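Here is a short report on a protein model, written for reading beside the coordinates. Please keep the viewer open.

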Amino acid sequence: MQSNGEDVSPLVQPARVHRRLYTDPAIFELEMQHIFGVAWIYVGHESQIRNPGDYFCTQVSRKPLIVVRGADGKIRALHNQCAHRGAMVVASDKGNTDEFQCCYHGWTYHLDGRLKAVPLQHGYPDDFDPKNPKTSMLQVPRVESYRGFIFVSLASEGRSLEDFLGFMATSLDDMLDRAPDGEIEVAGGSFKHAYQGNWKLYLENLCDAAHPWFTHRSSIDAAQQQKDDVYSDGSGEIAIRQMRQNGAPYSFWESQVGIWTYPNGHSFLGDYHDDAKLVAAMNDPVFRDYIGAMEAKKGKERTRQIMEVRRWNSNVYPNLSFMSQFQQLRVIHPVSVNRTMVQTYLFRLKGAPDRMFQNAVSFANIVNGTGSLVLTDDLEIYNRIGLGLASEGAEWIEIGRGFKSDLPDQHGGRRGKNSTSEIYIRNMFDAWRSYMLGERPGMSASAVARP
Amino acid sequence: MTAAARLPSPAPLDRAQCEEFLIHEARLLDEGRFDEWLALFTPEARYWVPSEPGQTSPLDTVSLMYDDRRLLETRVRRLGGPRIHSQEPRSRTSRIVTNVTLEETDSIGALVRSKFVMLEYRREQQRPFAGTYWHRLVLTDGAIRIAQKRVDLVNCDAPMDGLVVPF
């Protein structure tokens, strides 16, 4: 792969990468083309577009798209661009409609993007044909769902979504399994936060078990010193527990938490929250009601199996991170080499007590919110990396923690020796290199960051 | 009931007192006197910055900030801590509070609506914020206290870098 005629592959080396991967606009353009233009990119959940005509707008590889459920019930993604003069057709974030109409000259489209009507049609050239695909809003070539999670690929050919997800599909299963009725829905609004730094920094932080002790010191100290006998409406309980938990000593992280990585850059941090002792405690009435609802629907044994899956953040490279235990999901939108926007959503577990969802809201406010006591220090880190790399001091960035101590995983992945290993970053750069070299990620025998 | 059967309860707070209080509160925030700011709240107060225009509940929709007493104390303690990276360097803010109206009055206090503009300066960048404050103020032992404060930012649903200094 060439950037301005230069081979970029030497920029990823065992246990280190070149700073230009975070700062060079030409490399960013290649990433948009070769990673975001090829991979399966998460865009939303089917519950956001339940009925025919429901739509929401998003961006993939900076391209504005409309994801819409057609009159036939099928989900499609359209480029949000009029075939006439190129204006963005849909300006609302979401809605319901039976057609799309451009505000410029009134070109009107069916929900599948085909042209429906054009005012003053007689004025166009003789060969103007409303049935010609050139007069349509263009469809994104591939749209697939995995159990309600919608992904698109801008490439017309490539591996299936199932192949792409591989074993990581089990993390999405975990999100669904936790719903007593087996169904989830997006609810509770969303956060949009932005920082002056590269998109990769976000994913590189989400499985980083070595940072909370330092980065989140301010909220750890504040929460640990907080008296519990002041007035609380109950909504902060989960948040206070989480901030205190971030202060667990390194020995905890290294002995109780693990990290697993899989082909195509995916990974998860696991065994962190124990539903029985941290999240809600068995004597918490909300959790007891929730378990009761689960057991009534799924039986005791199946409920026990579901609760034993203890995954923290699951990351699907390159744009999705989610956490089933508090039903949080984050979508990463690269804006430029040094600008990233992240949108955070929540899911409601159908059949669970309302308070379970209120806990998810509370957790989001404090951990994932724009004004949270935790995320604000992460945003500061991304901004500072952006600023630090601009110094053009050291050329190489280290990703070598745990290097040479990786272990094979029974599901075709590799896991770190312990949770503070940077294996998941090296794993993402394996995928990065494969995408950028045009190889099929996960199949490469010469994955560069592998020991 | 006839009009003469019951006298209206005397409202303990008038507009001028409320405005003076809001100016005092804004000054504490601008000067980073967060402990004194916290002391303005009643023990059961809520502080709320919704994430959506017209948001009706802090419990079923996410909020930029939603603190009961326990979280508000935690937030303020963090602001004063030595290792709050997102406040190194510290933000400097300047607020203007104006257009003060009493929306409701009762025997213990008033619901006060006001408009504010706040500039936040940090690390060579200045961010403008504007919106509406809703203060539920009560008179307790001769002092005005905040029972609820809601901050509706005009850009509450915009992509934003972290919000650390309270509004």
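## Model and confidence

This is a predicted model: local features need pLDDT of at least 70, side-chain atom pairs count only at pLDDT 80 or more, and totals for chains, interfaces and linings use all residues. Residues are numbered from 1 along each chain as its sequence is written, while chains are lettered from A and ligands numbered from 1 in the order in which they are written.

The model scores ipTM 0.92 and pTM 0.94. Chain B has a mean pLDDT of 95. In chain B, 95% of the residues reach 70 or more. Here pLDDT is the predictor's confidence in each residue, from 0 to 100. Where pLDDT is low, the predicted coordinates should not be read in detail.

## Contact between the chains

Chain A brings 40 residues to the contact, and chain B brings 34. Two residues are in contact if their C-beta atoms, placed from the backbone, lie within 7 Å. On chain B, the side that touches chain A draws at least two residues from each of β1 (41–50), β2 (63–67) and α3 (69–80). Helices (H or I, at least four residues) and strands (E, at least two) are DSSP runs, numbered from the N terminus.

Which element gives the most to the side of chain B that touches chain A? The answer is α3(B), with eight residues. By residue type, this side of chain B holds 14 nonpolar, eight polar and 12 charged residues. Nonpolar means Ala, Val, Leu, Ile, Met, Phe, Trp, Tyr, Cys and Pro; charged means Asp, Glu, Lys and Arg; the others, Gly among them, are polar.

## Helix α3 of chain B

The 12 residues of α3(B) should span 16 Å at 1.5 Å a residue. The expected span is 1.5 Å times one less than the number of residues. The end C-alpha atoms of α3(B) are 17 Å apart, which agrees.

Of the 12 residues of α3(B), 11 are buried, so the helix is largely enclosed by the rest of the structure. A residue is buried if 20 or more other C-beta atoms lie within 10 Å of its own, exposed if 12 or fewer, and partly exposed in between, with C-beta atoms placed from the backbone. Among the buried residues are R69(B), E73(B), V76(B) and L79(B). Their cover includes α7 (217–224) and α8 (237–245) of chain A, together with α2 (34–38), β1 and β2 of chain B.

## Domains of chain A

Chain A is assigned domain 1 (41–146) and domain 2 (166–436). The bounds come from an automatic or database domain assignment. The C-alpha centres of these two domains of chain A lie 34 Å apart. Seven residues of domain 1 and nine residues of domain 2 make the contact between them.

## Strand pairings

In chain A, an open sheet of three strands runs in the order β3-β4-β22, with antiparallel pairing. Its edge strands are β3 (12–13) and β22 (396–398). Two strands pair if DSSP finds at least two bridges between them. Q13(A) has R16(A) in β4(A) as its bridge partner.

In chain B, β3 (residues 92–105) and β4 (residues 109–122) run antiparallel, joined by 11 bridges. They form a hairpin with three residues between them. V97(B) has F116(B) as its bridge partner. Next, 14 bridges join β4(B) to β5 (residues 125–140) of chain B, also antiparallel. S114(B) stands opposite Y133(B). The hairpin of β4(B) and β5(B) has two residues between the strands, and R123(B) takes a positive phi near 45° there.
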